[in-house]
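Subject: A structure for you, with notes

Hi there,

Here is the structure I promised to pass on. Please open it alongside this message, and then read on for what turned up in it.

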Amino acid sequence: MVRRVAVIGAGASGLASIKCCLDEGLEPTCFEQSEDIGGLWCYDTVDCKRTSVYRSVITNTSKEMSCFSDFPFPDNFPNFLPHHRLLEYFRMYARHFGLLQHIRFQTTVCSVRKRPDFSTSGQWDVVTETKTGWESHVFDAVMICTGRYQEPLLPLASFPGLETRFRGRYLHSKEYRDTEGFQGKRVLVVGLGNSGGDVAVELSRAAAKVRPRSSTWVVSRISSHGFPLDMVTRTRLIYFLEWLLPSAIMKRIRFGNTAFLDSSRTKLPFCLLSGTVVLKPAVKEFTESSAIFEDGTKENVDVVIFTTGYGFSFPFLEDSVRSLFQESCSLYKSIFPPQLEKPTLAIIGLIQLMGSVMVGAEMQARWVTSIFAGFNKLPPISRMMADISRKKQQLVNMRMGFVSYLDDIASRTGVKPNVPWLLLSDPRLGLAVAFGPCSPYQYRLRGRGRWSGARGAILTQWQRVLEPLRTRVLDDSLAGSTGSSWLGLLALLLLPPFLLSWRVLRPWARP
């Protein structure tokens, strides 16, 4: 029986894992190599070897869609959070649930190996190092919570002349902290994802010229009506439409409307219009002081910043285990190596979602610890391998759907909300769950880990969105009646097909 659990890393995934272990009566010991919690959200201006956010970073997902499921953000916190506010939230969470006493700081995990009797015991030998020396431990299970932002991907071989001729400076965004040292420089940003866009915009205020590579969809964090975009789009109604309609139609709806309507509200389009940021095609090669692009144009460049993402590696894992998964899609539900004799190793937070990874990591931890505690089981290896093969074909160059993934794991944990029952037994709550944001609180309404405050958190989530924006007192009765009328009309139009879909429409829906 699993009792003692090693949790590696005290970032968001590690904190959630510690708390879930405690909820299931397990004994977690968390090893954190730094001297603080927060992982990459613990901003570090000194150690560029440690992955850390840059100074100006703001969360891409809103507070209501990013919180731990039984611990809402304070009302007065902004809807999108700078790193220091998110770190403050982590500290509040850790203190509230008594997590710090289970963390060993400045402790590096050097080795995680199966014990000789692993096939029967499922136990692991864990070796750690501190300033005072080495220590050996035996654990019944291990949860790896180091995330996917570990090894920076630098595709230098794809850029002829960069290493041999180019005399300027090149670096990965892992080393970038702020605009210090880039004043007046001509900067080329390679990659235009979330980090690439942020870095390009920030440098546009200091550098002489910034040229990121195209192309990408530019989508704002804010919807066309000023609400957080994820609260408007990450709903069960949208998930229902995605399930019902062909993917080509949903892509046209999503990209044909959302990106067009919202891109004008981001800073990047303004920088493009003002010429402080100039989009360029792919780089063909580098000379001593310039970059030559595929369209034949040539630009002088002083600095190249690669925002080309990260790979993951777990060097402390023995080779026989690490070879079982070379990528996250080789894991069952992005968590379990299916070929292990005992399901006592779980990878938490190694997932790419169309939403908050923090929420996904907590749901993973809840399922994993319920398995460790004996309340749930994994399916046979053959079924896990078949599921992995099917998902690999579906997820080529794609992120997993937020609601679909959470519901999948929640149903295995026994905490997925029963929407039809809620609509009948508690219509007000049922309407909020069915047509409102799929916020994490929904997964605390029933089952193991049920939280008595979940209903109130769901019904007040829009109040917490508006609270940091209030500058004057409004007539609450007017606001309430308007919201109720809108919600009632929406329910009248959409409730019948929503309730009937599972019986009538499912045979004709896409798999």
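Among contacts between residues at least 6 apart in sequence, what percentage join residues at least 24 apart? The answer is 68%. Please keep in mind while you browse that this is a predicted model.

First, the overall picture. The protein has 511 residues, and 49% of them are buried. Its secondary structure comes to 17 helices and 17 strands.

Now to the inside. In soluble globular proteins, nonpolar side chains tend to be buried together. Here the largest nonpolar core contains 98 residues, and the ones with the most contacts inside it are Val5, Tyr89, Phe90, Met143, Ile305, Phe336 and Phe372. Helix H10, residues 357-372, gives this core its largest share, with 9 residues. Apart from this core there is another one of 22 residues, which includes Phe314, Phe316, Phe325 and Leu340.

Tyr89 deserves a click. Setting aside neighbours within four places in sequence, Tyr89 is in contact with Cys67, Phe68, Phe71, Pro72, Phe73, Pro74, Phe77 and Met358. Several of these names come back in an aromatic cluster, formed by Phe68, Phe71, Phe73, Phe77, Tyr89, Phe90, Tyr93 and Phe97.

Searching the whole structure gives 24 aromatic pairs. One of them is Phe71 with Phe97: the ring centres are 5.9 Å apart and the planes stand at 65°, so this pair is edge-to-face. Phe71 belongs to the loop between strand E2 (27-31) and helix H2 (83-96), while Phe97 is in the loop between H2 and strand E3 (103-104), so the pair ties together parts 26 residues apart in sequence. Phe71 counts as buried because its relative accessibility is 11%, under the 20% cut-off. Phe97, at 25%, counts as partly exposed.

Another pair is Phe159 with Phe306, where the centres are 5.4 Å apart and the planes at 70°, so this one is edge-to-face as well. It links distant parts of the chain, 147 residues apart: Phe159 is in the loop between strand E8 (151-152) and strand E9 (169-172), and Phe306 is in strand E15 (residues 303-306). Both partners are buried, Phe159 at 6% relative accessibility and Phe306 at 0%.

Lys19 lies over the face of Phe97, 4.5 Å from the ring centre. Over the ring of Phe77 sits the charged end of Arg85, at 4.1 Å from the centre.

Finally, some backbone angles to look at. Most residues other than glycine have a negative phi. Gln106 has a positive phi of about 50° although it is not a glycine. Gln106 is found in the loop between E3 and strand E4 (108-114), and its relative accessibility of 35% makes it partly exposed. Ser334 also has a positive phi, near 65°. Ser334 is in the loop between helix H9 (319-322) and strand E17 (345-347), and with a relative accessibility of 6% it counts as buried.

Happy browsing, and do write back with any thoughts.

Best wishes

Note on methods:
Residues are numbered from 1 along each chain as its sequence is written. This is a predicted model: local features need pLDDT of at least 70, side-chain atom pairs count only at pLDDT 80 or more; totals for chains, interfaces and linings use all residues. Side-chain values use heavy atoms; hydrogens and water are left out. Helices (H or I, at least four residues) and strands (E, at least two) are DSSP runs, numbered from the N terminus. Buried means under 20% relative accessible area, exposed over 50%, partly exposed in between (1.4 Å probe, protein chains only). Contact means heavy atoms within 4.5 Å. A nonpolar core is a set of buried Ala, Val, Leu, Ile, Met, Phe, Trp, Tyr and Cys residues joined through side-chain atoms within 4.5 Å. Rings of Phe, Tyr and Trp (its six-membered ring) pair if their centres lie within 6.5 Å; planes under 30 degrees apart count as stacked, over 60 as edge-to-face and the rest as tilted. A charge sits over a ring if NZ of Lys or CZ of Arg is within 6 Å of the ring centre and within 35 degrees of the ring normal.
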